[in-house]
Amino acid sequence: MRVLVIGSGGREHALCRSLSLDPQVSELHCAPGNPGIAQVATVHAVDPLDPGEVAALAGRLRVDLVVVGPEAPLVAGVSDAVREAGFACFGPSRDAAMIEGSKSFAKEIMKAADVPTARSRTCATEQEAAAALDEFGAPYVVKDDGLAAGKGVVVTEDRDKALAHALACERVVIEEYLDGPEVSLFALCDGSTAVPLQLAQDFKRAYDGDAGPNTGGMGAYTPLPWAPEGLTEQVMREVVHPTIGELSRRGLPFQGVLFVGLALTSKGPKVVEFNARFGDPETQVLLDRLETPLGGLLMASATGELGLDPVFKDGAAVAVVVAAENYPEAPVKGDAITGLEPTESAYVLHAGTALDGGTLVSSGGRVLTVVGHGPDQESARRAAYELAGRITMRGSFHRTDIAR
């Protein structure tokens, strides 16, 4: 297979790394990519948000499969353009991707499909927002209705802060707070069938002890030895199958990966959010443990031929994100990076990196993801932190309590 991956972050580096290890993948391309991805794929300077440019590149490369990594190209309609040009595409249509592109649309789908989730209100005025905050009470949960790169959610005890966030957004979903730990389940979908990947957990807050602002994710691990028995089967039965069924009934068959963010509440698992693509950094640990070749899985999803559940290796994986100074508010860019050489049990995936005259420098907020693996969670954790400790980048920071 000749495969083209769209995107430039840590998730896309993880996808490209796994695809490069798949013997079925004979040619691997990425647009626009990053310096790390360029070590395993041919990169192309194409605007990932321009459907026409992406479809034209697929045509020039004569690829067999296009894999859309981030949410913004999906919502921009890249997968639609690729399919219209005659290429298999892993990633839902623009309309189906609105399950991530609009929180209120996701709530509408869940209500229609009887999927367990938090009670909520969609608000477009100060009066509506104030009434919803008073209805649900603290802790206040306010979500930007549109895409916000993982940073559009505010959870706070401070009503003034919650209202200020609501007023800074064009439209918000305000909902009741869900108690309990959060977990992530990814399901590969081919339009009618869905199969689950392994459960993972990520860490959203910037600093140790879940302090600081929400981020795109500061680390993750898999598997979850503490997860209730039968959780995956329950979520597939109560959430994934009803959701893709409702989308199909609306003429929106979902082909790609449906991310289900869950809170394990005292009343059972409830959906916190849906994403229409692989999560970051959960993808980095899941693909580290995936034994089934990735290329065939993604092609089966794109062509309506999903079959058996994917197989995962024994052991565990832990990912630690190295972030730039002042992330997530105003990350500092342009700092030199060294110390990325892999060890026997850990390696580095690039996210926000660039080359400046041959020197690797930071170019984003989440700069690197260090992935460690081992026979158990503690050994994987040690491996990740040992390598993270060797990396030098002025002003950088990482959480020290991932998977603790």
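## A strand covered on both faces

In this predicted model, strand β4, made up of residues 65-68, is covered on both of its faces. Leu65 and Val67 lie on one side, Val66 and Val68 lie on the other, and all of them are buried. In a regular strand, side chains alternate between the two faces of the sheet.

## The partners of β4

Strand β1, residues 2-7, pairs with β4 in the parallel sense over four bridges. Within this pairing, Leu4 stands opposite Val66 of β4.

Strand β5, residues 88-90, also pairs with β4 in the parallel sense, here over three bridges. Ala88 in β5 is the residue that stands opposite Leu65.

## Thr243 in helix α9

Thr243 belongs to helix α9, which spans residues 231-249. Its relative accessibility is 0%, so Thr243 counts as buried, the cut-off for that term being under 20%. When neighbours within four places in sequence are left aside, the contacts of Thr243 are Ile99, Ile109, Ala113, Val115, Leu258 and Phe274.

## Tyr207 in strand β13

Tyr207 is located in strand β13, residues 205-207.

Not counting residues up to four places away in sequence, Tyr207 touches Gly212, Pro213, Tyr327, Phe397 and Arg399. Lys270 lies 63 residues from Tyr207 along the chain, and the C-alpha atoms of the two are separated by 26 Å.

Note on methods
Residues are numbered from 1 along each chain as its sequence is written. This is a predicted model: local features need pLDDT of at least 70, side-chain atom pairs count only at pLDDT 80 or more; totals for chains, interfaces and linings use all residues. Side-chain values use heavy atoms; hydrogens and water are left out. Buried means under 20% relative accessible area, exposed over 50%, partly exposed in between (1.4 Å probe, protein chains only). Helices (H or I, at least four residues) and strands (E, at least two) are DSSP runs, numbered from the N terminus. Two strands pair if DSSP finds at least two bridges between them. Contact means heavy atoms within 4.5 Å.
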